[in-house]
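Please keep the structure open while reading.

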Amino acid sequence: MSGVLRRGSLNFDCVGTTSSRGSLDANLYGGYRETKPAPGTPEISVIAMDFRRLSDDLKKVGLMPLPQYKDLSQDDNSDVLSNFLGHYRKWSFVWTFLLSLFQIPTTFHLFMFVFQTAPKDFWCARPAHLQDLSITDWRNLSQSSNGCQLLDIDYSQVAFENGQLINWPSNTANLSYRQCQQFEFSDVDGDAKTLVQEFGLVCGNNITSFVEMCFLMGAAAGAVLSGWISDRFGRRHTLMTFVSIQTIFGGILAFSTSVAMFMSLRVIIGFASMTVTVVSFVLVVELVSGKWRTIIGILNILPVAISYVLSSGIAYLIRDWRTLQLAISWPWLIMLSIWYWLPESPRWLLAQGRLEELYQLVERAAKMNGTTLPSNYQKTLEAALPKKNPTQTEIVNALQEETKVAPVEEDKLDLELRVNPILVVFGRKYIRTTLLTLIIWLTLIIIYFGLTLHLSNLGGNIYINNAVAGAVEALSICLSIFVVLKAGIRRSLLGYMLLPGLCCLATNLVPHGDDNETGVIALAIVAKCLIGANNAIIPTYTAMQYPTIVRNFGVGMGNLASGIALILVPSLWQLEQYDALLPLNIMGVSGIIGAVAITLMKDVE
């Protein structure tokens with residue numbers, strides 16, 4: 001009906017006229033533009049005469065032009081909220097910066113395990129009455145080279161007096177060995193203990209890979225469930241709730257009394273850490289629009305690389321694993337202080353129809369940005385509300401019709417599947433995107449973390465290696481922004497996936513031998529630099545593939561694949577015993593597979 005604003009539309013029906021009445025432009029001006037008055041109207045004529053009489057004065061002073069508003073909602077990666085919040089202004093800068101800091105404790109909890117389980121020299125423990133015997137003599141006389149087995153003799157009959165061993169067997173060549181029950185560790189770090197030293201995780205008790213797998217399994221579960229939780233309860237409360245869980249349980253972990261307790265807490269922390277990673281990223285992306293969605297999405301990962309450098313410095317200064325765990329956990333309780341002021345995602349509020357909260361958020365943002373909102377901005381937002389969710393019966397009927405007869409309308413599918421995000425991401429419209437996303441994330445993480453573990457082959461100090469890796473990755477992330485803006489996000493991803501794969505395969509061309517190890521290491525560093533940039537870009541690209549209502553869940557599916565890849569990486573390097581370059585070859589093939597998957601994905605601007 002002409003002159004009636006339909007729900008979900010920003011235009012009036014003005015058939016046969018060029019008037020912009022009721023258009024978005026008119027709404028932004030706070031009313032409708034005046035049309036030219038009909039000639040011959042007496043009142044208008046008098047006003048016109050008065051204008052002519054005072055025309056000289058008006059020309060001197062000049063007329064103030066009407067303010068011109070650019071319709072930002074027509075830009076790429078934008079919507080009606082862009083007109084009121086802007087693409088990226090002061091309000092967006094403050095909150096995207098603060099939210100990016102949440103990546104730091106999450107990275108600490110994931111990577112500090114490397115330092116908490118740092119290798120330390122060990123050997124079978126000396127009996128109490130042989131403590132005066134030097135460690136070097138004890139190791140040479142009594143145990144195997146790996147420090148796990150001890151000569152099978154009765155040590156209670158052995159004594160050490162005046163620098164001489166008494167009753168030590170004269171011929172030990174024919175004696176057998178038994179497994180050590182207790183161990184001593186190097187005191188190079190003083191009284192500080194690693195997790196391995198605390199619980200004796202060496203030789204037959206070396207289960208550090210399984211301990212770390214507990215964190216990764218929790219992370220894999222959190223990758224998927226975090227999307228559903230935040231889509232259901234909102235980004236803000238989900239994020240801060242799991243920040244609390246991550247921080248509190250991270251501190252409790254420092255008081256673990258057994259390996260079982262440590263492993264159980266690591267599952268919880270892994271779940272919470274991945275949830276914080278996913279939700280904070282999605283919230284950051286939904287606070288901005290336009291080209292800034294890509295830029296901020298990439299920069300949000302920059303603290304991850306910086307955390308590598310910070311973790312190396314902190315772990316170098318704090319060698320005891322319990323003190324280190326407390327240092328990376330409880331200080332972050334200060335982040336909970338922003339819970340009250342932290343904004344909810346405006347796009348999520350609009351999708352949920354929570355207009356009152358959205359009005360308050362838009363007004364606070366406009367106040368901080370120093371902008372003036374149109375008088376009828378609330379009507380514009382109300383007009384942009386999505387249609388009401390259908391019932392479960394309507395969903396089932398629509399799905400049945402889709403599989404039997406003609407395709408269902410695209411907008412109807414978006415609405416009908418909104419109730420269950422799994423039906424959206426694996427529905428007819430998005431199933432191809434979802435399957436390709438799983439492949440891309442799986443192959444990417446295998447290369448990324450596979451090369452991170454391979455940096456130990458560079459030799460030198462573990463703290464220096466991680467600091468260098470973090471610095472290189474931070475540089476590559478910053479440079480990737482310019483590459484993405486110039487070449488486009490999909491072509492950038494393709495290059496950053498294909499080139500690392502080729503670098504890994506090129507290690508087969510390097511002549512074998514210790515003298516040529518530098519060539520293999522150089523190719524690995526180049527691949528690490530490139531795939532690090534890819535790791536920063538892929539979350540933004542994945543988020544752009546899905547609508548707001550399931551964006552969190554879509555990114556979570558990618559993180560599910562990354563969790564699986566993280567679990568596979570330790571096993572990948574077990575293949576090194578068969579061929580030193582076999583892990584690199586697998587990563588090279590993974591890069592090519594990932595590149596093919598990227599070419600099959602739809603492009604986004």
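Of the 605 residues of the protein, what percentage count as buried? The figure is 49%. The model is predicted. The protein has 26 helices and 6 strands.

**Aromatic pairs**

The structure holds 20 aromatic pairs. Two of them are set out here.

| Pair | Centre to centre | Angle between planes | Geometry |
|---|---|---|---|
| Phe84 and Tyr377 | 5.9 Å | 65 degrees | edge-to-face |
| Tyr430 and Tyr546 | 5.7 Å | 35 degrees | tilted |

Why is the pair of Phe84 and Tyr377 edge-to-face? Its planes stand at 65 degrees, and planes over 60 degrees apart count as edge-to-face. Phe84 lies in helix 4 (residues 82-85) and Tyr377 in helix 17 (residues 377-383), so this pair ties together parts that are 293 residues apart in sequence. Phe84 has a relative accessible area of 2%. Tyr377 has 6% relative accessibility.

The pair of Tyr430 and Tyr546 also links distant parts of the chain, 116 residues apart. Here the partners sit in loops. Tyr430 is in the loop between helix 20 (421-425) and helix 21 (431-454). Tyr546 is in the loop between helix 24 (517-544) and helix 25 (548-572). Tyr430 is buried, at a relative accessible area of 7%. Tyr546 is buried too, at 3%.

Ring pairs also build a cluster, made of Phe111, Tyr308, Tyr448 and Phe449. A charge meets a ring elsewhere: Arg232 lies over the face of Phe233, 5.1 Å from the ring centre.

**Helix 6 against helix 9**

How do the axes of helix 6 (residues 103-116) and helix 9 (residues 208-233) cross? They come within 11 Å and cross at roughly 180 degrees. That angle makes helix 6 roughly antiparallel to helix 9.

Which residues meet? Helix 6 brings His109, Leu110 and Phe113. Helix 9 brings Thr208, Val211, Glu212, Phe215 and Leu216. By type, the contact divides into 5 nonpolar, 2 polar and 1 charged residue.

Definitions and conventions. Residues numbered from 1 in each chain as written. Predicted model: local features only at pLDDT ≥ 70, side-chain atom pairs only at ≥ 80, totals over all residues. Heavy atoms only, no water. Phe/Tyr/Trp six-rings, centres within 6.5 Å; stacked < 30°, edge-to-face > 60°. Helix = DSSP H or I, 4+ residues; strand = E, 2+ residues; numbered from the N terminus. Buried < 20%, exposed > 50% of the residue type's maximum accessible area, 1.4 Å probe, protein only. Lys NZ or Arg CZ within 6 Å of the ring centre and 35° of its normal. Axes fitted to C-alpha atoms, helices over the stretch in contact; angles between N-to-C directions. Parallel < 35°, antiparallel > 145°, perpendicular 65-115°, else oblique. Contact = heavy atoms within 4.5 Å. Nonpolar A, V, L, I, M, F, W, Y, C, P; charged D, E, K, R; others polar.
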